Amino acid sequence: DNLTMLAACQQARDNERARLIAYLRRRDTQRKVSEALHGMRNLKWRSGAQSTGLGQREFRAEFDQLLSSCRKGYLSCDFSDDESTHTLRKRIMRLRYVAENFHPLLGDDRAQAAAEAKHAQTRLGDLCDARVNLHLVQTFDERGDFAGAELDRDAFVQAEKDRINRILGELDAERGVLAAKVREGSKEVPMGV
């Protein structure tokens with residue numbers, strides 16, 4: 001009788017949960033958590049920021065630098081490189097968080113950055129998630145968690161590979177449009193079309 005991939009994942013989840021609970025109960029783990037919490041409570045700010053705060057001009061300049069970096073990164077990233085794609089996605093996530101949560105400090109002229117970052121983050125998130133899924137399947141295979149669920153596993157792996165190839169193709173096409181805008185002289189080319 002063939003095991004389903006879902007049942008294999010549920011069993012692996014239960015095993016991992018038990019391992020994590022045992023780790024969290026260890027005395028040395030609890031000590032490390034306590035030290036980390038103590039360090040966060042005693043976070044030190046630079047003296048200038050601590051006494052006068054961060055001005056709107058400096059805040060906007062930092063944001064503009066991050067936005068420019070993300071736009072350039074989106075145009076130049078090698079999306080076939082897992083690590084580069086993941087690093088860019090994290091930077092864009094940071095940009096989106098700031099754009100959405102600090103809108104009053106940024107002003108209306110920077111409002112489009114949140115939607116732009118959301119689009120790029122979603123595109124890169126789909127790609128990164130598919131890659132993580134493939135890595136998890138490989139890890140489960142190495143541990144023998146999918147023994148008996150090979151049919152489900154193989155279909156899933158092929159679907160994720162197809163998804164990755166489709167997204168890479170779409171990103172390349174999108175980047176072609178953006179590169180054309182750069183060649184036409186656009187100074188601010190958004191992430192995505």
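User: In this predicted model, is Gln121 buried or exposed?

Analyst: Gln121 is found in helix H7, which spans residues 112–143. Its relative accessible area in the predicted model is 13%, and the cut-off for a buried residue is under 20%, so Gln121 counts as buried.

User: Which residues is Gln121 in contact with, leaving aside its neighbours within four places in sequence?

Analyst: Contact here requires heavy atoms within 4.5 Å. Once the neighbours within four places in sequence are left aside, the residues in contact with Gln121 are Arg89, Ile92, Met93 and Arg96.

User: Are helices H4 and H8 parallel, perpendicular or oblique to each other?

Analyst: The axes of H4 (residues 56–76) and H8 (residues 150–183) come within 9 Å and cross at roughly 120°. Angles of 65 to 115 degrees count as roughly perpendicular and those over 145 as roughly antiparallel, and H4 and H8 are therefore oblique.

User: How many nonpolar, polar and charged residues has the contact of H4 with H8?

Analyst: On the H4 side the contact is made by Tyr74, Leu75 and Ser76, and on the H8 side by Leu171, Glu174, Arg175, Leu178, Ala179 and Val182. Sorted by class, these residues are six nonpolar, one polar and two charged.

User: What kind of aromatic pair do Tyr74 and Phe79 form?

Analyst: The structure holds three aromatic pairs. In the pair of Tyr74 and Phe79, residues that are both buried, the ring centres lie 5.7 Å apart and the planes stand at 65°. Because planes over 60 degrees apart meet the cut-off, the pair is edge-to-face.

Notes:
Residues are numbered from 1 along each chain as its sequence is written. This is a predicted model: local features need pLDDT of at least 70, side-chain atom pairs count only at pLDDT 80 or more; totals for chains, interfaces and linings use all residues. Side-chain values use heavy atoms; hydrogens and water are left out. Axes are lines fitted to C-alpha atoms, for helices over the stretch in contact, and angles run from 0 to 180 degrees between N-to-C directions. Helices (H or I, at least four residues) and strands (E, at least two) are DSSP runs, numbered from the N terminus. Angles under 35 degrees count as roughly parallel, over 145 as roughly antiparallel, 65 to 115 as roughly perpendicular and the rest as oblique. Ala, Val, Leu, Ile, Met, Phe, Trp, Tyr, Cys and Pro count as nonpolar, Asp, Glu, Lys and Arg as charged, and the others, Gly among them, as polar. Buried means under 20% relative accessible area, exposed over 50%, partly exposed in between (1.4 Å probe, protein chains only). Rings of Phe, Tyr and Trp (its six-membered ring) pair if their centres lie within 6.5 Å; planes under 30 degrees apart count as stacked, over 60 as edge-to-face and the rest as tilted.
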